[in-house]
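User: I would like to go through a structure with you. Could you take my questions one at a time?
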Amino acid sequence: MSEQKRRPEDGQREFADAAWSAPSYLLSGMAIWGGLGWLLSKWTGLIWFTPIGLVIGVVLAIYLIYVKYGRHPL
């Protein structure tokens, strides 16, 4: 197999992908986990499930962003 040559545009494209992925992870985490918290709040009548779901979603999204983009290869 031959190695593919890197073009200068590849670095810019990777940066743009990362710049769009981070907010997408944050919004998705808040929507999914906040939505689950909201459903639990409606089901149980305890209102504090919604903010807990939102916080869990943000924390997990930040963790995923760190794992994907924050660590440097050894």
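This is a predicted model: local features need pLDDT of at least 70, side-chain atom pairs count only at pLDDT 80 or more; totals for chains, interfaces and linings use all residues.

User: Is Ile47 buried or exposed?
Analyst: Ile47 counts as exposed because its relative accessibility is 69%, and the cut-off for that class is over 50%.

User: Changing topic to α2: how far apart are its end C-alpha atoms, and what span should its residues give?
Analyst: The end C-alpha atoms of α2 are 30 Å apart. With 22 residues at 1.5 Å a residue, the helix should span 32 Å, so the two values agree.

User: Which residues of α2 are buried?
Analyst: Gly53, Gly57, Ala61 and Ile65 are the buried residues of α2. They lie on the same side of the helix, because they cover an arc of only 105° around the axis.

User: Why would residues three or four places apart point the same way?
Analyst: An α-helix has 3.6 residues a turn, so residues at that spacing point the same way.

User: What is exposed on the other side of α2?
Analyst: Val55 and Tyr63 are exposed there.

User: Now Met30. Which residues is it in contact with, leaving aside neighbours within four places in sequence?
Analyst: Met30, which is found in helix α1, is in contact with Gly35, Leu54, Gly57 and Val58 on that basis. Of these, Gly57 is also one of the buried residues of α2.

User: How is Met30 classed by accessibility?
Analyst: Met30 counts as partly exposed, because its relative accessibility is 33%.

User: What separates the C-alpha atoms of Met30 and Pro51?
Analyst: The separation is 9.7 Å, for two residues that are 21 residues apart along the chain.

User: Last one, Ser41: buried or exposed?
Analyst: Ser41 is buried, since its relative accessible area is 10%, where the limit is under 20%. Its place is in helix α1.

User: What does Ser41 touch, not counting residues up to four places away in sequence?
Analyst: Ser41 touches Leu46, Ile47, Phe49 and Thr50. Among them, Leu46 and Ile47 also belong to the nonpolar patch.

Terms used:
Residues are numbered from 1 along each chain as its sequence is written. Side-chain values use heavy atoms; hydrogens and water are left out. Patches are made of residues with over 30% relative accessible area and no salt bridge: like charges are joined within 9 Å, nonpolar side chains (Val, Leu, Ile, Met, Phe, Trp, Tyr) within 5 Å. Accessible areas come from the Shrake-Rupley method with a 1.4 Å probe; for residues, only the protein chains shown count as cover. A salt bridge is a side-chain nitrogen of Lys or Arg within 4 Å of a carboxyl oxygen of Asp or Glu. Buried means under 20% relative accessible area, exposed over 50%, partly exposed in between (1.4 Å probe, protein chains only). Helices (H or I, at least four residues) and strands (E, at least two) are DSSP runs, numbered from the N terminus. The expected span of a helix is 1.5 Å times one less than its number of residues. The arc is that of the directions from the helix axis to the C-beta atoms. Contact means heavy atoms within 4.5 Å.
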